[in-house]
Amino acid sequence: MNDLDLVVLTIAGCPHLAPALHDLRVALDSLGLHDEDIQVFVVDSPDQAMALEFRGSPTFVAGGADLFPEEGKPTGLSCRLYRTPSGLKGSPGAERLAERLGDRHTG
């Protein structure tokens, strides 16, 4: 698979977007996917959040699937936090992103 069809779903003004995009780029680089395109899509209504199963900003999507699914968590226009070894953060970190992307890239 050469094209992971990467999308980062966000809300307007999300303070976590820039660090999340940085982590995603580091993850891609670590996998040798230097030229992979990343689309950023701003979710701007509760209806859109529901239709996209958007559970907060930022949400990382590859091939149409949330890389960190949280079944049962409500959809909505909010920030999303990820559990990391150093506590809750606005991004899962480059290492965890690389793990999830590596699974998709190889399988």
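A search of the whole structure, which is a predicted model, finds three salt bridges.

| Basic residue | Acidic residue | N to O distance |
| Arg80 | Asp66 | 3.0 Å |
| Arg80 | Glu70 | 3.1 Å |
| Lys73 | Glu70 | 3.6 Å |

**The salt-bridge network**

These contacts link Asp66, Glu70, Lys73 and Arg80 in a network.

How accessible is Arg80, and does it count as buried or exposed? Arg80 has a relative accessibility of 0% and counts as buried, because the term covers residues under 20% relative accessible area.

Glu70 takes part in a further salt bridge, with Lys73, in which the closest N and O atoms are 3.6 Å apart. Glu70 counts as partly exposed at 27% relative accessibility. Lys73 is likewise partly exposed, with a relative accessible area of 29%.

**Overall architecture**

The protein chain holds three helices and six strands. Read from the N terminus, its elements follow the order β-α-β-α-β-β-β-β-α. Along the principal axes, the C-alpha atoms fill a box of roughly 35 × 30 × 25 Å. The radius of gyration of the chain is 13 Å, which agrees with the value near 13 Å that a compact globule of 107 residues would have. Of these 107 residues, 40% count as buried.

**Acidic residues at the surface**

Which residues gather in a patch of negative charge on the surface? The patch is formed by Asp3, Asp5, Asp35 and Asp37. Asp3 lies in the segment before strand E1 (6–10) and is exposed, with a relative accessible area of 54%. Asp5 is placed in the segment before E1 as well; this residue is partly exposed, at a relative accessible area of 37%.

Glu36 is found in the loop between helix H1 (17–30) and strand E2 (38–42). With a relative accessibility of 7%, Glu36 counts as buried. Patches are made of residues with over 30% relative accessible area, and Glu36 has 7%.

In helix H2 (46–52), Asp47 is a further acidic residue. Asp47 counts as exposed at 65% relative accessibility. The C-alpha atoms of Asp47 and Asp23 are separated by 29 Å, and the two residues are 24 residues apart along the chain.

**Backbone features**

The peptide bond that runs from Ser57 to Pro58 is cis, with omega near 0°. Pro58 itself is located in the loop between helix H2 (46–52) and strand E3 (59–62).

Glu53 also has its place in the loop between H2 and E3. What is the phi value of Glu53? Although Glu53 is not a glycine, its phi is positive, at about 55°. Glu53 counts as partly exposed, with 48% relative accessibility. From C-alpha to C-alpha, Glu53 is 24 Å away from Glu36, and the two are 17 residues apart in sequence.

Asp5, already named in the negative patch, has a phi near 55°, a positive value in a residue other than glycine.

Key: Residues are numbered from 1 along each chain as its sequence is written. This is a predicted model: local features need pLDDT of at least 70, side-chain atom pairs count only at pLDDT 80 or more; totals for chains, interfaces and linings use all residues. Side-chain values use heavy atoms; hydrogens and water are left out. Patches are made of residues with over 30% relative accessible area and no salt bridge: like charges are joined within 9 Å, nonpolar side chains (Val, Leu, Ile, Met, Phe, Trp, Tyr) within 5 Å. Accessible areas come from the Shrake-Rupley method with a 1.4 Å probe; for residues, only the protein chains shown count as cover. A salt bridge is a side-chain nitrogen of Lys or Arg within 4 Å of a carboxyl oxygen of Asp or Glu. Lys and Arg count as positive and Asp and Glu as negative; His and the chain ends are not counted. The place of a charge is taken as NZ of Lys, CZ of Arg, CG of Asp or CD of Glu. Helices (H or I, at least four residues) and strands (E, at least two) are DSSP runs, numbered from the N terminus. Buried means under 20% relative accessible area, exposed over 50%, partly exposed in between (1.4 Å probe, protein chains only). The radius of gyration is taken over C-alpha atoms; the globule rule is 2.2 Å times the number of residues to the power 0.38.
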